[in-house]
Amino acid sequence: VMTFVRTVSKDAKQTVSFDSQGGSAVDPVTATYNEAITSPTPTKTGYTFLGWYKDASCTQAWNFATDKITESTTLYAKWGIGKFTVTFNSKGGSKVATITGNYDSIIAKPANPTKKGFVFAGWYKDAGLKTAWNFATDKVTANTTLYAKWDVAKATGLKATKASTTSIKVNWTGVSGVSGYEIVRATKSDFSDQTTKTTTTGTFTATGLVKGKTYYFKVRAFTLDGKVKVYGSYTTVIKFKL
């Protein structure tokens, strides 16, 4: 009986192919029999490379320090989904904690911040507050900062009553935390001849008026953002004949 023993030359060359499983292409490597190889590093948008494996299911890791090439081999990349931080710039409002989200996933909307004299009006993708972040559809694809938009609250419930034959008292529902109110008076409905006064309370008496004339009023709240006076929207215009 004759026995044949297969021997492999120490100079035999083996091909190592790399299946990046959706990542960037990796060129094959030619290795000498029983040689260790160096690990290449592919990339994949939104994912973290976790190493090369002997099987496509990524259950058996290839150890580049100890595993040797003895035959033509294919190694498979394993990927972990990337984690990104979403930071909330409340622009002077109460602090909002950073959220960590998976790549290409939506995040939960945090509780609204608060800011004295202002009403929170949503989170925006840019500091200029031009593009709102939609928590139902927008997905995290990188580390992101969102910016709070603030509006001065709108005064409501403007009413007018006769104070005297030459004065009219106006009052409205106050807004918590604002710096004051601007009262605009005119004798024309387009306010082309308007007179503006300010007060810190929810009432104001316009004096020095003319009996029998009709006056128009509107009010808006304002607050200071630093040294800048920021205004809310006007109330509905009311008119009153003295």
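Predicted model: local features only at pLDDT ≥ 70, side-chain atom pairs only at ≥ 80, totals over all residues.
Residues are numbered from 1 along each chain as its sequence is written, and side-chain values use heavy atoms, with hydrogens and water left out.

**Entry 1: the sheet**

I noted the terms. Strands (E, at least two residues) are DSSP runs, numbered from the N terminus, as are helices (H or I, at least four). Two strands pair if DSSP finds at least two bridges between them.

I then traced the strand order. It reads β6-β5-β8-β7, an open sheet of four strands with mixed pairing. Strands β6 and β7 are the edges, each pairing on one side only. From one strand to the next the twist averages 30 degrees. For such angles, axes are lines fitted to C-alpha atoms, for helices over the stretch in contact, and values run from 0 to 180 degrees between N-to-C directions.

Next I looked at the other neighbour of β5. Strands β5 and β6 pair in the antiparallel sense, over four bridges. I found V86 bridged to I99 in β6 and to T144 in β8. F84 has G101 as its bridge partner in β6.

Which residues of β5 lie on the covered face? They are F84, V86 and F88. K83, T85, T87 and N89 make up the uncovered face. In a regular strand the side chains alternate between the two faces of the sheet.

**Entry 2: aromatic pairs**

I searched the whole structure and got 11 aromatic pairs. Rings of Phe, Tyr and Trp (its six-membered ring) pair if their centres lie within 6.5 Å; planes under 30 degrees apart are stacked, over 60 edge-to-face, the rest tilted.

F49 and W52 are edge-to-face, 5.4 Å centre to centre with 65 degrees between the planes. I checked burial too (buried is under 20% relative accessible area, exposed over 50%, partly exposed in between; 1.4 Å probe, protein chains only). F49 is partly exposed at 21%. W52 is buried at 1%.

I went back to F84. Its ring and that of Y103 have centres 6.3 Å apart and planes at 55 degrees, so the pair is tilted. This pair links distant parts of the chain, 19 residues apart: F84 is in β5 (residues 83-89), Y103 in the loop between β6 (99-102) and β7 (119-124). F84 counts as buried at 17%, and Y103 as buried at 18%.

I also found a cluster: ring pairs link F18, F49, W52 and W79.

**Entry 3: charges over rings**

My test was NZ of Lys or CZ of Arg within 6 Å of the ring centre and within 35 degrees of the ring normal. The charged end of K115 sits over F118, 4.6 Å from the ring centre. K218 lies over the face of Y234, at 4.3 Å.

**Entry 4: cores**

A nonpolar core is a set of buried Ala, Val, Leu, Ile, Met, Phe, Trp, Tyr and Cys residues joined through side-chain atoms within 4.5 Å. The largest has 37 residues; F88 and W123 are among those with the most contacts inside it. Strand β14 (residues 214-225) gives the largest share of this core, four residues. A second, separate core has 12 residues, including V26, W62, I69 and A77.
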